[in-house]
Amino acid sequence: MKKNIVLAVIALMTFFACTRETPRLTEVRGIWLRPPETKDALLAAIDSLADAGFNMIFLESFYHSHTIYPSRVATQRPVFSGWDPLRVAVRRAHQRNMELHAWVEVLYAANPKHLPDVPSPVLAEHPDWLNVSQHPHDHSAEDGKLFFNPAHPGVKQFLNDLARELASTYKLDGIQLDYIRYPVDDSTKAFGYDPITVRRMKEETGVNPWYTLRTDTTAWRTFVSWKAERITELVVDIRKVMDEVAPRMVLSAAVFADYHQDPLRQTKCQDWRSWVQGGVLDFAATMCYALSDSVRDLEMAESMALSRVPVVIGLANRDLWTPAQIEAFYQAAMRHNPAGVAWFAHSWSRPAFYPTLSASLYREPARPFAVH
């Protein structure tokens, strides 16, 4: 059973690699943007980004289990009730010659610790969709986050329906998958101990997750690989949905850049190398957020080496206060010849950020990017 599933996924990825054309990109000057709560503020934010020289916006469109737009699949975030920020943003971005990609936090369901006023309507209706740890009363991860379980058929269907809705309803340039992974495991907590995962693991691999917990190295690696296959399966499914309803729409993913530190994918089960070598993604946005120049440079170099599709290097701007810092980060990234840079995030921008881009780094038009 397991072998058949793996072969089917590999066959689909081979198909994508052989049949999909890599999109021709202009140098990406991107940024991640959470939409402001009013239409006027959203339009002003998009105009300011265009004036600064940006040409691509990743607009946070599904987060904490809510959509920003009126949805038939999910619940619209109450603060946006009565209007459609996604439609407004797509229209204005295109008026300003910018691409608009829907940024989707795929498997991140909620964070009761930091966002007690934003409960997950999805988990309230489907509590069995929660990604479960081995601890019976604590399934939180990463400072309080709750995640959906990608091995649950209901979760897969929900996310496929969400992708279909986005791709068929809006004139998006692309969809970007974020949190497309399991919660980060640590030495005290691992995930995938719900009844469905345990049953499927036993049936498909002969391994009982309850008997792994890192005590049996071979069994543990089987468990990790099986979970990574569930994530890859989900990415492939979303690719298929998009190809059915909007074949020219771009699919990307924001991924951890530290593949060299986690080659067995034991902490996140995010085998993004297979996505960028199998042609499932049109480009990857690798989150090279380290402050250390040496660590960030290693992550950028490996991101470029791993991928057969264009790589947009993600840089964090939270701690960049001076023009010299901003320019150094940007120039260090561009030396690797990526498809461009995306900055995380609009809300983290310091006073010098936009003036430095418009006056210096983004003063000239974006160059064509040649895919080698």
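**Exercise 1: α5 and α7**

Work out which handedness the crossing of α5 and α7 has in this predicted model, and how the two helices are oriented.

*Solution.* 
Step 1. Start with the handedness: α5 and α7 cross in a right-handed way.
Step 2. Next, find the helices. Helix α5 covers residues 153–169 and helix α7 covers residues 217–245; their axes come within 9 Å and cross at roughly 30°.
Step 3. Angles under 35 degrees count as roughly parallel. Therefore α5 is roughly parallel to α7.
Step 4. Now look at who touches whom. From α5, the contact uses Lys156, Leu159, Asn160, Ala163, Arg164, Ala167 and Ser168. From α7 come Glu233, Leu234, Asp237, Ile238, Val241, Met242, Glu244 and Val245.
Step 5. Sort the residues of this contact by class: 8 are nonpolar, 2 polar and 5 charged.

**Exercise 2: α10 and α11**

Determine how α10 and α11 are oriented to each other, and which residues make their contact.

*Solution.* 
Step 1. Locate helix α10 at residues 323–334 and helix α11 at residues 353–361. Their axes lie 10 Å apart, and the packing angle is about 60°.
Step 2. Roughly parallel needs an angle under 35 degrees, and roughly perpendicular needs 65 to 115. The helices α10 and α11 are therefore oblique to each other.
Step 3. For the handedness, α10 passes α11 in a right-handed crossing.
Step 4. On the α10 side, Pro323, Ile326, Glu327, Tyr330 and Gln331 make the contact.
Step 5. To finish, class the residues of the contact between α10 and α11: 6 nonpolar, 3 polar and 1 charged.

Notes. Residues numbered from 1 in each chain as written. Predicted model: local features only at pLDDT ≥ 70, side-chain atom pairs only at ≥ 80, totals over all residues. Heavy atoms only, no water. Axes fitted to C-alpha atoms, helices over the stretch in contact; angles between N-to-C directions. Helix = DSSP H or I, 4+ residues; strand = E, 2+ residues; numbered from the N terminus. Parallel < 35°, antiparallel > 145°, perpendicular 65-115°, else oblique. Left-handed = near helix turned anticlockwise from the far one by under 90°. Contact = heavy atoms within 4.5 Å. Nonpolar A, V, L, I, M, F, W, Y, C, P; charged D, E, K, R; others polar.
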